[in-house]
Amino acid sequence: MASGDVLSPEVEVFQQNGEVEGDVDGNFSDSPAASPNLNDLRPKLKAKRRAKRSPSKEEQQLPSTNGVNASQLSRSKPRYDRKSRTAYGRGLPKKGGAGGKGVWGKPGCELDIDGVIDEKDPNYDSDAQGNYELETIAPELTPEEVEKTIKPVIQEYFEHGDTSEVAVTLGELNLGHKKHEIATHAVSMALDKHDSHREMTSRLISDLYGNILTHREMAAAFDSILDDLSDLTLDTPDAPHVVGSFIARAVADDVLPPKYVTNYKLSGDSKQASKTSATLPPDVQAALDRAHVLLSMKHGMVRLDNVWGVGGGQRPVKYLIKKMNMLLREYLSSRDIQEATRCLQELEVPHFHHELVYEAVVTVLEAGSEQVGTAILMLLKSLADAIILTVDQMDRGFDRVFESMPDIVLDVPNAHTILERFSEECFNKRVITNRTKAKVPIRARKRFVSEGDGGRIKE
């Protein structure tokens, strides 16, 4: 064969060491000299080699186990496998299959749940929830029941004046959407009362706001009052004036917003959808004008704290004593028992009526006239029969006179004689009790010894 000829790889098959496996024609000899260099005759083909990846730091640190590198084991496992990638684990999933994000938990863990609390859960079992605690739910009151329930509570409040007790009592009622009627009935009942009761009503409304009543319910209450103002005026002629004062006081107490007066509109469930100043009834317009005047005064918000005046026991004692002395003088001039009774009730101090009894008895002792004694006796008799002067207040007034007799005698020497006669008449008219009559101080008559003793006074 010529040196320039190239053997085809399809003709001969060579091993990797370059030796001839066999020939096709059988012309080659076995001698090494005669056989050419087959490595030179093979085609030069460039083999494709796989690029080797350099081991990461984590794989370099992993030890080898049984001659096998742990990195080879880690590469043989898929990335999503949650089993341990090291050779130290038992081949079990982490945390028994309950570890990781978005897993369902251990197999069978749904059987360990004691009970499902959510009623919408398909696994909810009402029989497996344990004992139930029953709560009493009061039914919502009807409009007739609301009026029958609220009015006695407010009437009792006018007697004890404890707003917290009213809040507790009303909080136990299921009024539903009729809570605004609390303020409505309170203001309506205060129209026929004195200024002291109106002051108590304003304080009650202020204390109930935020706890039981909201600003919407307060606005609805005054809307209802203004709707019925024409009917309220029939019973109370000065109702527009009083309601306007209530609105101004509510604005001062932050119960109503200031814009309520200027932008007055009735609620959706009122008699009319909306009203303007041009179409307002005269009574409603008068009430809003009264509230606007009070709120527009200089330092009006401060003055509105005393919009109802200072009444009842909040007034000074000297002022009350002066008013009772004036009452007695006017009565002795006119002898009008009804007017004197009305003036006494307007003072609204039933706990201080003993001062009237004291001043009346002292007036009898200072006057020393039977006419004055008879007039005072008639007045005390009338007040006692009307239970305006109670037995306790009557006895306390007489006891004060008895204790002041040493000072009264200095101005009125015969005060003891007048007191004995007047007390006897009061007892006969059943003005005082037998116990009070027995406590009347009696001054013993001074007796002189015989003339031979030189006129000495016998002790």
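I began with the secondary structure, and the protein chain comes to 21 helices and 2 strands. Helices (H or I, at least four residues) and strands (E, at least two) are DSSP runs, numbered from the N terminus. A reminder to myself: this is a predicted model, where local features need pLDDT of at least 70, side-chain atom pairs count only at pLDDT 80 or more, and totals for chains, interfaces and linings use all residues. Residues are numbered from 1 along each chain as its sequence is written, and side-chain values use heavy atoms, with hydrogens and water left out.

**Whole chain.** I looked up burial next: of the 459 residues of the protein chain, 32% count as buried. Buried means under 20% relative accessible area, exposed over 50%, and partly exposed in between (1.4 Å probe, protein chains only). For contacts (heavy atoms within 4.5 Å), I found that residues 24 or more positions apart account for 66% of those in the protein chain with a separation of 6 or more.

**Helix H14.** I checked the length of H14, residues 317–334. Its 18 residues should span 26 Å at 1.5 Å a residue, and the end C-alpha atoms are 26 Å apart, which agrees. The expected span is 1.5 Å times one less than the number of residues.

Which residues of H14 are buried? I noted Leu320, Met324, Leu327, Leu328 and Tyr331. They cover an arc of only 95 degrees around the axis, which puts them on the same side of H14; the arc is that of the directions from the helix axis to the C-beta atoms. These buried residues pack against helices H15 (337–347), H16 (354–367) and H17 (370–385). On the face turned away from the buried side I found exposed Lys318, Lys322, Arg329 and Ser333. After H14 comes Arg335, with a positive phi near 60 degrees.

**Ile321.** This residue lies in H14 and is partly exposed, at 24% relative accessible area. Leaving aside neighbours within four places in sequence, I see Ile321 in contact with Phe352, Glu355 and Glu359.

**Lining of the largest cavity.** I looked up what surrounds it, and the list is Ser202, Ile205, Ser206, Phe222, Phe246, Arg249, Ala250, Asp253 and Val255. Lining residues have an atom within 4 Å of a point of the cavity, a set of points on a 1 Å grid over the protein atoms alone where a 1.4 Å probe fits but cannot get out.

How values were computed. 1 Å grid on protein atoms, 1.4 Å probe; cavity = no way out; pocket = protein on both sides within 12 Å on 5 of 7 lines; lining within 4 Å.
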